[in-house]
Amino acid sequence: MDYSKLQKAAATPEASSMIETFRSIGYSLETAIADIIDNSISAHAKNIYINRIWRGGKSVITIKDDGEGMNSDEIIQAMRPGAQNPLSDRSETDLGRFGLGLKTASFSQCRKLSVLSKRKDESHAFWSWDLDYVAESDKWELLQWIPEEFIGELDNLQSGTLVVWSDLDRVLLPQTAETDDSAKRKFSNALDKVKNHIAMIFHRFIEDKAIKIFWGEHDITAWNPFCPDENKTQARETENINGGAKMKGYVLPHKNNFSSEQAYKKAEGMNGYPAMQGFYVYRGKRLLLAGDWLGLFRKEEHYKLVRIQIDLPNRLDTEWQIDIKKSKAYPPAVCREQLESYAKSVRAIGSEVYRHRGKILKQRAGQNFQPLWLEKKKDSKWSFVVNREHLMIQDLKTLAKENPEQAIEKLLKFLEEAIPTKTIYINEAQGEETQKTPFSDVDINLIKEVLVLMYNNQIAQGKTSAQAKALLKIQEPFNNYEDLIEQL
Ligand SMILES: Nc1ncnc2c1ncn2[C@@H]1O[C@H](COP(=O)(O)OP(=O)(O)O)[C@@H](O)[C@H]1O
Ligand SMILES: [Mg+2]
């Protein structure tokens, strides 16, 4: 098309409304801070310092790094929305993508974003976005301003960057008083979550000693979802995924087999075992997505020990549809089937561990284990039968000769206690095979015999025939056999 011949009209986005749109991309406090940390890592920082200053509605969060830093022009460029083309090539270690993170992550939490930065052997520079000023002026204009107290923050570093969030209107109401203890507690809880999130998202960097992330005075310890240090963790074979990604499945030990109760509690993670099952998608060392079955399965209680690591090279961003917040991914259609079948095999092991409470039942002392209930499969229907081979059943038969009442009571008690509820629940939830309809294959003569026995007993006790029949009709499962009862 020859554009030169056409008439044009400017349709520049209106600054005041467009910048408000940036606020609503759906970051949480923890995903927003993680996005700022990404920038520090991309700038080759070794140390990152996160600070929270409680001042009620005037509280401040700062993120400082000792990375390469920026000069004044570079800060301005960094502050420009969309300065980087998402389609341009990025180095393998670059955690950025859309050229929006710094702005969208910050505006999702605060009204003032200030950046102070310094390149090696240069003096520092600073610029701020102030949403109140943008709203007022309707101009895409930065202010050369930074809260006074931070101006010397980089003086002790050769190079580095400080990001300051003030007017945290998404976390705190502006009028919150510094003395408001309940607001302070909420703020502190929200920040605890951030700390845990960071420990998880950047665990590989921390473990590799590539970076230290300081939370106030202390550096954050890594949280590894796969518990590689636990003896009883089961790691599966690594499998290559179509297109260059890799996956490796882990089944965490059953609670009884963790090295300690604390270790079990710690491994649970931010949202508890059931919620933390699923795939963990990494781009390079950076965890993007934690505990998500990527739409392939539902989360179920009995798979809560299953976690599968997926490693993506960052050139696969577009195929896996990594979103701006780096908190969602959609595997391309060509590898879904492979993910599903691999995950199924790991999930099968996970449900075994869950079901047997970590006990390896089948090979105890080389002999066959004798459960009280046996699972039966017939025509892809499942049911449970009492294991007649079980020693106790044999012995209770002997006891029944001397003391039938006690024998029956003991039998019932043990059967009640040993009902395989977990396996039944799992079978039900998997929904691949259905339960056999109760009594569908019980010999009708057996039912008749028992009915006759019960009927005769009632008559012997002085009931009329009608009374006896009425009573039988309300006894499970005989309520289903009214015509048999009528024939008595
Ligand atoms: N802490 C930092 N240190 C050095 N440069 C930074 C830092 N934060 C941001 N930048 C620069 O600002 C640019 C824009 O950042 P951002 O908006 O997060 O987009 P992206 O990370 O996708 O490039 C980065 O590409 C980088 O050049
Ligand atoms: Mg970024």
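This is a predicted model: local features need pLDDT of at least 70, side-chain atom pairs count only at pLDDT 80 or more; totals for chains, interfaces and linings use all residues.
**Entry 1: the largest core**
I began with the nonpolar residues and found that the largest core holds 60 of them. I then looked up which residues have the most contacts inside this core, and they are Ile33, Trp165, Ile198 and Ile213. Next I checked where the residues come from: helix α6, residues 181-201, gives the largest share, with eight. I also looked at the domains, and this core draws at least three residues from each of domain 1 (15-219) and domain 2 (234-355).

**Entry 2: a look at Ile33**
Which residues does Ile33 touch, leaving aside those up to four places away in sequence? I noted Ile50, Ile61 and Ile63 among them. Trp165, Val194 and Ile198 are touched by Ile33 as well.

**Entry 3: another core**

I turned to the strands next and traced an open sheet of five, in the order β8-β9-β12-β10-β11. Its pairing is mixed. Which strands sit at the edges? They are β8 (234-241) and β11 (286-292), and each of these pairs on one side only. I looked up the angle too: neighbouring strands here are turned by 15° against each other on average, ignoring direction.

**Entry 4: one pair of strands**
Last, I followed β9 (residues 245-251) and β12 (residues 306-312), which run antiparallel and are joined by six bridges.

Conventions:
Residues are numbered from 1 along each chain as its sequence is written. Chains are lettered from A and ligands numbered from 1 in the order in which they are written. Side-chain values use heavy atoms; hydrogens and water are left out. A nonpolar core is a set of buried Ala, Val, Leu, Ile, Met, Phe, Trp, Tyr and Cys residues joined through side-chain atoms within 4.5 Å. Buried means under 20% relative accessible area, exposed over 50%, partly exposed in between (1.4 Å probe, protein chains only). Helices (H or I, at least four residues) and strands (E, at least two) are DSSP runs, numbered from the N terminus. Domain bounds come from an automatic or database domain assignment. Contact means heavy atoms within 4.5 Å. Two strands pair if DSSP finds at least two bridges between them. Axes are lines fitted to C-alpha atoms, for helices over the stretch in contact, and angles run from 0 to 180 degrees between N-to-C directions.
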